[in-house]
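This report describes how parts of one protein chain pack together. Please examine the sequence and the structure below before reading on.

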Amino acid sequence: MTALWLMFSGAFLAATLLPGGSEVLLVALLTDQPETWLALLVTASVGNTLGGISSYYLGYLGRFAKTPEDLASKKYQHGLKLIEKYGYWALLLSWLPLIGDILCLLAGWLKLPIIPSTIMMLIGKTIRYSLIVAAFMLAW
């Protein structure tokens with residue numbers, strides 16, 4: 001049970017603006033308890049998605065840029081183009097390093113619908129963690 005709380009916390013924090021290596025944590029926990037792969041996969045996916053939703057709400061509240069220059073940065077502009085072009089479908093990429101957090105923030109800022117946005121985040125993050133678990137299980 002401790003491993004699941006650790007996985008949830010690590011995945012949640014990794015999806016917010018705080019840096020984190022939830023993938024490394026997942027592999028470490030799989031190494032220690034490979035029989036819990038499904039529980040770890042679900043926990044990581046849900047925790048990371050809830051972290052993405054917290055970023056969404058920060059964007060929704062307009063609390064995501066420290067300065068106007070932040071909005072002009074290359075990563076914000078790239079994220080904005082993706083969201084404007086693909087809408088909530090762009091959140092399938094919310095698992096990507098650096099830009100994933102920004103996509104969630106911008107989705108909230110642009111007031112994209114929360115239900116489809118959450119579903120896209122969950123799908124993208126679950127696919128990422130599924131690939132990690134599958135690679136681990138094949139190597140194990």
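## The largest nonpolar core

The largest nonpolar core has 18 residues, of which I83, L91, L103, L106, A107 and M121 touch the most other members. A nonpolar core is a set of buried Ala, Val, Leu, Ile, Met, Phe, Trp, Tyr and Cys residues joined through side-chain atoms within 4.5 Å; buried means under 20% relative accessible area, exposed over 50% and partly exposed in between, with a 1.4 Å probe and protein chains only. At least two residues of this core come from each of helix 3 (37-60), helix 5 (74-86), helix 6 (99-109) and helix 7 (114-139). Helix 6 supplies the largest share, 7 residues. Helices (H or I, at least four residues) are DSSP runs, numbered from the N terminus.

A second, separate core of 14 residues includes L25, L26, L30 and V133.

## Basis of the model

The model is predicted: local features need pLDDT of at least 70 and side-chain atom pairs pLDDT 80 or more, while totals for chains, interfaces and linings use all residues. Residues are numbered from 1 along each chain as its sequence is written, and side-chain values use heavy atoms, leaving out hydrogens and water.

Leaving aside neighbours within four places in sequence, M121 is in contact (heavy atoms within 4.5 Å) with T49, G52, I53, Y56, L91, S94 and C104.

Among the residues where helix 3 meets helix 7 are W37, L41 and I53 in helix 3, and M121, V133 and M137 in helix 7.

## Residue A134

A134 lies in helix 7 and is partly exposed because its relative accessibility is 37%. Its C-alpha atom is 9.4 Å from that of W37, although A134 and W37 are 97 residues apart along the chain.
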